[in-house]
Amino acid sequence: MLGLPESITVALFDLDGVLTDTASVHLTAWTEAFNDFLAHTVDDDGNQPAPFTTDDYLAHVDGRPREDGINAFLAARHVTVDRDAVAALGEDKNNRFLAILDRDGVTAYPDAVAYLHAARDAGLGIAVVTSSRNGAPVLDAAGLTEFVQVRVDGNVIADRGLAGKPAPDSFLLGAELMGVGPGAAVVFEDAVSGVAAGSAGDFAAVVGIDRTTSATQPSAHAKALAGAGATAVVTSFDQLRDEDSSEGDPQ
Ligand SMILES: O=P(O)(O)OC[C@H]1O[C@@H](O)[C@H](O)[C@@H](O)[C@@H]1O
């Protein structure tokens, strides 16, 4: 029913881009904020840096805590700024993110909601592990809070001084708070940094969710997720459940 090894009793879900259609909102907010910022900045050689692109988002920002994403992208553009500038850029992006949320609301992916129902019905423990400090309001706006027994979000990560994804620490904390070790838990992730975190944590399974395409041909992102250590890559949770009905696996 869930397409998972039977040893798994806990599911750790990333949020943005896995359960909710908010990776696109982060991408839009980051693109606007970075490009406004870059327009008034020069790199370490005094040149105008190239604009922020979707590829930059996937490589440097996706899945990481806010400040880590800023630092990784600016380092890639050889732009050096002080901590106040990083904080101001992060705040600008967050204001843009919240304004889009306020205007458009949050959509939960139907396949993810169906999978949450199936996981809960099967008795699996459910946790959300997100780098976002907006994890609680996004879950609320999507109507998903009722499913979540444990939430590790960007605020928890900062309060506890944990290393962000691609370090495994936030997922390991999620498993610990659910009372299991990584050998009894599955990680669901759409970001390369998140899959790398699950892989580094030795979780029983790390499922990459590639929502960049609905085609059967593996996308570049699907290949990147596999390369980062995903034990399986699917374009929808439905594929996990379909696999089971064709194989007759009990869980
Ligand atoms: O700025 P926030 O809401 O704390 O989010 C931090 C990061 O959270 C991750 O979940 C997203 O994949 C990133 O795009 C985002 O930058």
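Student: A residue counts as buried if 20 or more other C-beta atoms, placed from the backbone, lie within 10 Å of its own, as exposed if 12 or fewer do, and as partly exposed in between. On that scale, what does Asp 202 count as?

Tutor: Asp 202 counts as exposed, because it has 12 C-beta neighbours inside 10 Å. Please keep in mind that this is a predicted model, in which local features need pLDDT of at least 70 and side-chain atom pairs count only at pLDDT 80 or more, while totals for chains, interfaces and linings use all residues. Residues are numbered from 1 along each chain as its sequence is written.

Student: Where is Asp 202, then?

Tutor: Asp 202 sits in the loop between α9 (192-200) and β5 (205-209), where helices (H or I, at least four residues) and strands (E, at least two) are DSSP runs numbered from the N terminus. Its phi is positive, near 60°, although Asp 202 is a residue other than glycine.

Student: Okay, what about the phi of His 78?

Tutor: His 78 is not a glycine either, yet it has a positive phi of about 55°. This residue lies in the loop between α3 and α4, and His 78 is exposed, with 12 other C-beta atoms within 10 Å.

Student: And which residues does the cis peptide bond join?

Tutor: The cis bond joins Lys 165 and Pro 166, with omega about 15°, and Pro 166 belongs to the loop between α7 (154-159) and α8 (169-177).

Student: Switching to the ligand, which residues come nearest?

Tutor: There are 18 residues around the ligand, and His 26, Arg 66, Ser 132, Arg 133 and Asn 134 come nearest; a residue is near a molecule if its C-beta atom, placed from the backbone, lies within 6 Å of it. The elements giving two or more residues to this shell are α1 (23-38), α3 (66-76) and α4 (83-104).

Student: Where does the ligand's shell lie relative to the domains?

Tutor: Domain 1 (10-22 + 107-247) and domain 2 (24-104) both give residues to the shell around the ligand, so it lies between them; the domain bounds come from an automatic or database domain assignment.

Student: Last one, what is Val 10 in contact with?

Tutor: Leaving aside neighbours within four places in sequence, its contacts include Leu 124, Ala 175 and Ala 185, where contact means that the two C-beta atoms, placed from the backbone, lie within 7 Å.
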